[in-house]
Each structure stands twice: as C-alpha cells, then as structure tokens.
Amino acid sequence: MTDPETDDRTVHPSVLSAAVDSRRLFAVQTQPLKTRASDALRKLEMAVRNHERELIDVLWKDLRKPELEAFVSEISVLYQEIQKLRKCARRFFRPVRHRTPMSFFWSGSRVRHEPYGAVLVIAPWNYPVQLSLVPVAGAIAAGNSVVLKPSELTPHVAALLETIAREAFPDGLLRVVTGDHREAEALLRQKFDYIFYTGNTKVGRIVMEAAARHLTPLTLELGGKSPAIVTRNADLDIAAQRIAWGKCFNAGQTCVAPDYVLVERTVHDTFLRKYQKALARMYGANPEQSSDYSRIVNDRHFNRISGLIDRTEGTVWNDVRNPGTRFVAPMVVIDVGWNDALMSEEIFGPVLPILKYDDVPEVFEVLCRRPKPLALYVFSKQRRESEGILQRVPSGGGCINDVVIHVASSELPFGGVGDSGFGRYRGVHSLRTFTYERAIVNHRIRPELRFRYAPYKGKLKIVRRLVGQ
Ligand code: NAD
C-alpha cells in the first residue's frame, strides 16, 4: 500500500471519517431487523428501478455493454436477489432456540443473527452494477450500514451509483465513495466491522493485510483461470456453443468465464470447428460490426491481452484487434502448452486457448498442481465421468454441461476457494455472511443455586458424578 503521509492529501476529508460515520448510523437504528431489511431493500429497489434506463446507458458508455447483457447480468440479477433476500429475511432473524444443558437449570438458549455494523464493499468494473449492489443488498438486508467503493474504471456507473444511494438512503445508510486506489486505501486504513472485496488476487492480498490490522472479518471474491473440460463423451455441439457464449459474454471480462479449454485429443478438431461456427452464428462474419459484442475496458487491459496473444507459441485463429476502439475479436488459439504466455495469468478477454489431453488422469495431475479456480466446467454425457472429475478437481463452483449460469442463481452460494478467494454470498448466504451468530443464555433469577460458587471444598466429586466424567 502507498504511504499514508503522501496519499491522504488527495483524498477528500469526508472519506477519512467514512467508517466512523457509517458506524454511528448503524448504532442509531432502532427498528427490528426484519423491518429494517424489508424497508432498506424496498428503498434500494425503488431507486434502482427509477434509474434503470440510465444504468443501461452508463453501462454502454463505460463498457459498451449490449442492452440485453446489461439487463440480464446486472439489473435483473439484482432484482431477483432483492426478492430472494426479502423472502429469506422474514425467517432469518427469528432467534433459533437450542437445547440447554441440564447443568444450566431453568435456562433458555438461543442464537440471534446480528449484523456486524459498518460494512465496506469494494467492487470491480466488469459487472459494476451487479458486483456493487448485490453484496450491498445482502449487507443492508442483514441490518448493516454500508460504504461502497465502486471501481474507478467505470466512472459513469460509479457516479450513478452515488446518485442512487443518495436517493434511496438520504441518511447515508448506504454511502458511495468514488475514486481510485487512494480512496480505497484510505477506507481500508479505517476500522470497519466487515469487508467484502471483489477483484483481482493481488489487491485481494492488500485488502486482507489491511483487514488483519483491525482484525476485521472479510470475504474475498477473487479471480483465476477457470477451466472447461470437454471429454470424448461430450455433446460437442452443446459444449462448443455454451463455451463460446460464456467466453464472449462481456468480451470475456467475466470472473467465471471459461478461461481455457481442455479437450480430449480425439474430439479436438470437431470441437474447434463447432466452436468457430458457434462464434459466427452469434456475431456474424465481422464481430466488430456486431452491436452484441463488448469492448475491452481500457488500454491497459487491451495491451495486456495483446501481449499475451503476441507472446503465445500457439496458432492464433481470427487475430483481429483494434487498439483505437479496444476491440479484440473472439479468437481461438490451438497447440497451446501449459507454459504458454496465455496460461500464465487469467486472460479476462475473448481469447480461448485450447489444450489437448489424452486421458482424464493426466488432467487431474496438472490441475491439482495449479491454483484452485473460481469455477470448473465439465462437458460429458456420462454422469459418472463428470462426477469423477468434480470429485478430483476442486473449484469455488461450476457447472456440468454448461458455463457461468451457476452465478445467476440467488439460491446457490457463490464464492471461491484457495487462490480464488473465500466466503460465500447470494440470498440467504449473504445474510449469513453479513451477520454473526450471537449465543444467548437466558437464566431465571430464582431459584439461585449457590453450589457453583466458592468455597469448592468437597464439590469436585459431586460435579464429576453430575457430568459423568
Ligand atoms: P478493479 O481494478 O476495478 O479493482 C477492484 C477494486 O479494487 C476497485 O474498486 C479498486 O479501486 C480497488 N483497488 C485497486 N487497487 C487497490 C488497492 N491498492 N487497495 C485497495 N483497493 C484497491 O478490478 P479488477 O481487480 O481488475 O477486477 C478484475 C478481477 O476481479 C479479475 O481477476 C476477476 O476474475 C476478479 N473478479 C472476481 C469476481 C468474483 O466474484 N470472484 C467477480 C468479478 C471480478
């Protein structure tokens, strides 16, 4: 992290008290948690609905996101999440009664779900609405106050999120701090009660170090290279079509996009042909003309992806790039080896390296030595085969015979494992993430058994007999 001495000067003073302000707001809330959840979710939903059209417009401005993709992956996901949270919150805050040990005589035991307090959400640029507001919805539904730091790479979205937050929560219960890494670092120096970070692994480490300084619990939603495995028992038409869709959605800038494909040698050529055909069906002969195809977010990422393509030792198909518009065509690279540049980092672009393998154990061997991915995709018509692969190759989540769609469900917990992060969210899993379990024993005032108090003389034997040890 940068030196606070030089860094704070550029940060607005109000940012430096964000955690304290947010905690103060948390502390003055008096409504019961259930009411607080439904109230906050209603306000958030209304403000988002009021600005739905503008959200789609700013997503186009910042990312050239096609309207359908913007609606499906950013807005509709959020509405579904809010609905699910509303439903879950009705039951979630009911205290759960537990059995009480005999030795507690006449007591009642229960667990309350308590919000942490002030939550800091740091969000990335690739799905800047969804990845900001879905965790925010979970955190406020759980009863917390929230400071959201959206990505500086999507500034129009960030500005609109600020407007939405102000409109929905004039009291500042949700506050948006715009800015770059300096604002993020200034926020991280403060003591929040929970941190929820989504972004790259390198910054994830910085966030975790900062959290450790205040002993703040956190969730890290990170990235990595998510493989798709296509066995000879796969339906190749389906595999090619679905992988092509997942790879090119948002021009490959999706944390759970299939990063590369491992194809069994005997079906490699057929898969490749079908993949190329699937691309042509979706984006025509010239994807640069297609209004359904996004652009790379900025020059730095364009140059990074270009560098990976230039350094590959594989054979590149459809290498069309336009630095002026940051267009990268949906490309396929064949004859790629494990040491290839394209295999050295998450690609985060529409370039698909295809690696061949001869037998499944060979795949286990290599994948088990690599960092655990955020997602794993297995294409096979044989259930036993796909279950066997799932059992041997760990990942945060994944699909059998599809890609990406597990993220779209508010029923399923979403998150990584190992290098792809830790912690889960969505629906009830968000409520669990943003609360802690508080165990309470309610003991009657009378009768008062004085046995437990000193002097202890002669009591140990009786205690042993009572607890049976
Ligand atoms: P980014 O550059 O927008 O950074 C994310 C956030 O971190 C931003 O708000 C940024 O201001 C902040 N940040 C940057 N430097 C910081 C610092 N030094 N200290 C504190 N905060 C800092 O986004 P990105 O990291 O390029 O996002 C892409 C990555 O995120 C990919 O690796 C992708 O796989 C991963 N990702 C993961 C998920 C998931 O749910 N697991 C979702 C989306 C993206």
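Predicted model: local features only at pLDDT ≥ 70, side-chain atom pairs only at ≥ 80, totals over all residues.
Which loop holds P447? Residues are numbered from 1 along each chain as its sequence is written, and side-chain values use heavy atoms, with hydrogens and water left out.

View 1. N200 puts a polar side-chain atom 2.6 Å from a ligand oxygen. A ligand nitrogen sits 3.1 Å from a side-chain N or O atom of E185, and a polar backbone atom of G199 is 3.2 Å from an oxygen of the ligand. On its own the ligand exposes 850 Å², and the protein buries 94% of that (Shrake-Rupley areas, 1.4 Å probe).

**View 2. The shell around the ligand.** The ligand is surrounded by 28 residues, with S151, E152, N200, L222 and E346 the closest; to be near, a residue needs a heavy atom within 4 Å. By class, that shell has 16 nonpolar, seven polar and five charged residues (Asp, Glu, Lys and Arg are charged; Ala, Val, Leu, Ile, Met, Phe, Trp, Tyr, Cys and Pro are nonpolar; the others, Gly among them, are polar). Helix α9 gives the most, with four residues. Domain 1 (13-222 + 421-437) and domain 2 (227-415) each supply at least three residues, the bounds coming from an automatic or database domain assignment.

**View 3. The six-stranded sheet.** This open sheet runs in the order β5-β4-β3-β6-β7-β17, with mixed pairing. Its edge strands, β5 (174-176) and β17 (421-422), each pair on one side only. β4 (residues 145-149) and β5 run parallel and are joined by three bridges, and L148 stands opposite V176 in β5.

**View 4. Strand β8, covered on both faces.** P227 and I229 on one side of β8 (residues 227-230) and A228 and V230 on the other are all buried; buried means under 20% relative accessible area, exposed over 50%, and partly exposed in between (1.4 Å probe, protein chains only). β8 pairs with β9 (residues 260-264) in the parallel sense over four bridges. A228 has V261 in β9 as its bridge partner.

**View 5. A glutamate inside the protein.** E74 belongs to helix α6 (residues 67-92) and counts as buried, at 0% relative accessibility. A polar atom of its side chain lies 2.8 Å from the backbone nitrogen of Q130, and one lies 3.0 Å from the backbone nitrogen of V129.

**View 6. Two cis prolines.** P447 lies in the loop between β18 (435-443) and α17 (460-467), and the R446 to P447 peptide bond is cis, with omega near 0°. P455 is also in the loop between β18 and α17, and the bond from A454 to P455 is cis too.

**View 7. Two arginines with positive phi.** R326, in the loop between β11 (321-322) and β12 (327-328), has a phi of about 60° and is partly exposed at 23%. R426, in the loop between β17 and α16 (427-433), has a phi of about 100° and counts as buried at 1%.

Technical notes:
Polar contact = N/O pair within 3.5 Å; in protein donor to acceptor, adjacent residues only side chain to side chain. Pairing = 2+ DSSP bridges.
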